[in-house]
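Colleague: Can you walk me through this one? I would like to go through the helix packing and then the sheets.

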Amino acid sequence: MIYLDNASTTKVFPKVLETFSKVSKESFFNPSSLYAFREKEILTEAREAIAKEIGANSDEIYFCSSGTEANNLAILGGVKNKKLSVLTSEGEHPSIYEPIKSLVGKGFNVKFGGLNNDTSIDENKIVELADKDCGFLSLIHASNETGAVNDIKDVFSKIKKNNLKVITHSDGVQAFLKTPVDVKELGVDLYSISAHKIGGLKGVGALYIKKGVHINPILLGGGQERGVRSGTENVAGIASFVTAIKEYKTLAKQTDFKALRKAFLEKFVSELEKLEVRFLINETHNQLPNILSISIVDIQSEVLQRILAEKDNIYIGLGSACASSKKGNRILQSAGRTAKEIAGNIRISFGIDNTADDVKHSASLIVKRIKELL
C-alpha cells in the first residue's frame, strides 16, 4: 500500500499506541476524582508539552475531542455580541465555515473574504472588511485543500492596530508542526490543533485560549477543563498526543517533504505532458511542502481515486475528507477554478512513511489510470 492522503489523516505511530495502552491500563481513574493524582499530572504535563510547541503558557491549553470541536468551541463560544460583525474567509475548513454560517440565522452580521487565484486568502479584502465593528475574525493558517500558508501574523497585526477589541482565531490543524507556530508572535487569541494529523489518535484535540480571553462553553456538564469544556478528559489519548508530537518531530527531520513533492511532480508532469492533457497545479508562493493539489481537466477524480485504491493499492485524496460527501469544492471555486478543473481535482499529501521510489511509482500509475479514463 502507498498512502498519499496524509492531509486527511495519518497512520498512528506505534509508540503512540504503546502510550495509550499503558496509560489506559495504569492511569484509568477519572481525573476529576480527588485521588486521581497521576491522571492530573499527565494532563498537566501534556498542557506544558503542547504549550511549548506553540509558544503558549500551559494554563492556556484546553483539551477537547477534535480539531472540529476546538473550532466550534472557538467560534460558538467566542462570538457573543450581535452588535459586532464576524469575519472569515471563503478558504476555511467546513468546521469553521459551517458554524460561522450558522450565525447568520441567529442574527449576526457575518462577512466572508475572498481568495486569491492560488487559494490563499485575499489579505487586502480581509483588512478592508474588518471595520471597527468587527468583533471576531477567524482565518485558517494553512489550507487543508492546497497547503497554502496564510500570513495571518500580518493580517491580524493590521486589523488589531485599528481594532483592539477584535478576537482573532486560526485553525492550525494542518499547520501544526509543519510550519512555525508561535501564538504570541502570530497575534492570535485562539488556535486549534488536532492529534491525528501528526501520527496521533483520532478523537484528541486542543484549543489555545489566550489568557484574558473569555469563551463561553458549548458543552455543559461537570465543568472540566476549568469550566470551558465539560466532559471527562481522555487522559490516555491526551498522553498519546504528546508522544505523537515527539515522534513526528523526530521523524519529520528525517523526511524531506520538499524532495518527495519534487520527485512526484517531475515524474507526474513529464508523463502526463506526453498525453497532451490539460492540467493545473494549484501552487502558491508559500505552502506546506507535504500537500500538492492538481486539477486534471476532462476526468472525474472520484473515479480515479476508486480505481487507484481497488487496482493499485494507492490512496489519494480529493481535497477535504470532511466535505467529501458534498458535490463541488467551495474553496477551489472561490479561487476561480472552473467546473472541469474542480471535477478533476486530486490532492496528494505526503507522510513520514513515503519514499522517493513510492512517489515516483505512484506518479506513473496515476498517469496510467488517467490515460485509461480519457
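Colleague: With what handedness does H1 pass H8?

Modeller: The crossing of H1 past H8 is right-handed. Bear in mind that this is a predicted model.

Colleague: What are the angle and distance for the axes of H1 and H8?

Modeller: H1 covers residues 14-26 and H8 covers residues 235-252; their axes cross at roughly 155° and come within 8 Å. Angles over 145 degrees count as roughly antiparallel, so H1 is roughly antiparallel to H8.

Colleague: Which residues of H1 and H8 meet?

Modeller: From H1 there are Lys 15, Val 16, Thr 19, Phe 20, Val 23 and Ser 24. On the H8 side they meet Val 235, Ala 236, Gly 237, Ala 239, Ser 240, Thr 243, Ala 244 and Glu 247. By class, the contact of H1 with H8 has seven nonpolar, five polar and two charged residues.

Colleague: Other end of the chain now. How do the axes of H9 and H13 cross?

Modeller: Helix H9 (residues 257-273) and helix H13 (residues 356-373) have axes that cross at roughly 30° and come within 8 Å. H9 and H13 are therefore roughly parallel to each other. H9 passes H13 in a right-handed crossing.

Colleague: What makes the contact between H9 and H13?

Modeller: H9 contributes Leu 260, Ala 263, Phe 264, Lys 267, Phe 268, Glu 271 and Leu 272. H13 contributes Ala 356, Val 359, Lys 360, Ser 362, Ala 363, Ser 364, Ile 366, Val 367 and Ile 370. The residues of the contact of H9 with H13 comprise 11 nonpolar, two polar and three charged.

Colleague: And H10, at what angle does it cross H13?

Modeller: The axis of H10 (residues 301-312) crosses that of H13 at roughly 125°, and the two axes come within 10 Å. That makes H10 oblique to H13. The crossing of H10 past H13 is right-handed.

Colleague: Which residues of H10 and H13 meet there?

Modeller: In H10 they are Val 303, Leu 304, Ile 307, Leu 308, Lys 311 and Asp 312. These meet Leu 365, Ile 366, Arg 369, Ile 370 and Leu 373 in H13. The contact of H10 with H13 has eight nonpolar, no polar and three charged residues. Ile 366 and Ile 370 of H13 are also among the residues in the contact with H9.

Colleague: Sheets next. In what order do the seven strands run in their open sheet?

Modeller: The order is S2-S8-S7-S6-S5-S3-S4, and the pairing is mixed. Strand S2 (61-64) and strand S4 (110-113) are the edge strands, each pairing on one side only. From one strand to the next, the twist averages 20°.

Colleague: How many bridges join S6 to S7?

Modeller: Three bridges join strand S6 (residues 167-171) to strand S7 (residues 190-194), and the two run parallel. His 169 stands opposite Leu 190 in S7.

Colleague: Where does H3 touch that sheet?

Modeller: Helix H3 (residues 67-78) packs on the sheet and touches S2, S5, S6, S7 and S8. The direction of H3 makes about 160° with that of S7. Helix H6 (residues 152-162) lies across S5 and S6, at about 170° to S6.

Colleague: How many bridges join S10 to S12?

Modeller: Five bridges join S10 (residues 291-296) to S12. Leu 292 has Ile 348 of S12 as its bridge partner.

Colleague: Last topic, the overall picture. How many helices and strands does the protein have?

Modeller: The protein has 13 helices and 12 strands. Its C-alpha atoms fill a box of roughly 65 × 50 × 30 Å along the principal axes. For 374 residues, a compact globule would have a radius of gyration near 21 Å; the protein has 21 Å, so the two agree.

Technical notes:
Residues are numbered from 1 along each chain as its sequence is written. This is a predicted model: local features need pLDDT of at least 70, side-chain atom pairs count only at pLDDT 80 or more; totals for chains, interfaces and linings use all residues. Side-chain values use heavy atoms; hydrogens and water are left out. Axes are lines fitted to C-alpha atoms, for helices over the stretch in contact, and angles run from 0 to 180 degrees between N-to-C directions. Helices (H or I, at least four residues) and strands (E, at least two) are DSSP runs, numbered from the N terminus. Angles under 35 degrees count as roughly parallel, over 145 as roughly antiparallel, 65 to 115 as roughly perpendicular and the rest as oblique. A crossing is left-handed if the near helix is turned anticlockwise from the far one by less than a right angle, and right-handed if clockwise. Contact means heavy atoms within 4.5 Å. Ala, Val, Leu, Ile, Met, Phe, Trp, Tyr, Cys and Pro count as nonpolar, Asp, Glu, Lys and Arg as charged, and the others, Gly among them, as polar. Two strands pair if DSSP finds at least two bridges between them. The radius of gyration is taken over C-alpha atoms; the globule rule is 2.2 Å times the number of residues to the power 0.38.
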